[in-house]
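Reader: Please take me through one part of this model in detail. Pick a helix and what surrounds it.

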Amino acid sequence: PHVRSLVPEDGRAARVSAAVLASTAESSIRPLSGLLCGVKDIIQVDGLPTRCGSALPACAFDGAADLALENTAVKRARDAGAIILGKTTTTEFANFDAGSTTNPWDTRHSPGGSSQGSGAGVA
């Protein structure tokens, strides 16, 4: 079912395909080589916008000091060979309001909580 666990992203298939091809072409295996990871949309990832699950215009997040640099955990995962699949959906500003993600086992329900995209993606 269509559960909306990832934030929509134009060009995701091409970006991830290129990263997977580059990973398979590496001469050495790293601890997380080729592992696809989702990152919650409140965490900065270079090359992907951070919107915090908000409907506010993207310009509202421009110039925020804490969004200027890639998160350390994300950088370390990439350095270990992980491939960032995309941003996982979250409730607005990781608050308690229900979001757009649906439960993969029963799409009439929400997986609930601010990590709903991660939970639905794993299920």
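Author: Helices (H or I, at least four residues) and strands (E, at least two) are DSSP runs, numbered from the N terminus. This is a predicted model, where local features need pLDDT of at least 70, side-chain atom pairs count only at pLDDT 80 or more, and totals for chains, interfaces and linings use all residues. Residues are numbered from 1 along each chain as its sequence is written, and side-chain values use heavy atoms, with hydrogens and water left out.

Arg12 is found in helix 1. Arg12 is buried because its relative accessible area is 15% (buried is under 20%, exposed over 50%, partly exposed in between; 1.4 Å probe, protein chains only). A polar atom of the Arg12 side chain lies 3.3 Å from the backbone oxygen of Leu85. Beyond its neighbours within four places in sequence, Arg12 is in contact (heavy atoms within 4.5 Å) with Leu6, Val7, Leu85, Gly86 and Lys87.

Ala19 also sits in helix 1, which spans residues 12-25. Ala19 counts as partly exposed because its relative accessibility is 27%. Gly47 is 28 residues from Ala19 in sequence, and their C-alpha atoms are 13 Å apart.

Now the second largest pocket. A pocket is an open set of points on a 1 Å grid over the protein atoms alone, where a 1.4 Å probe fits, with protein on both sides within 12 Å along at least five of seven lines; lining residues have an atom within 4 Å of a point. The lining has 15 residues, and Ala19, Arg78, Ala82, Ile83 and Ile84 lie nearest the centre. Helix 1 gives the most to this lining, with four residues. Strand 2 (83-88) supplies at least two.

How values were computed
Polar contact = N/O pair within 3.5 Å; in protein donor to acceptor, adjacent residues only side chain to side chain.
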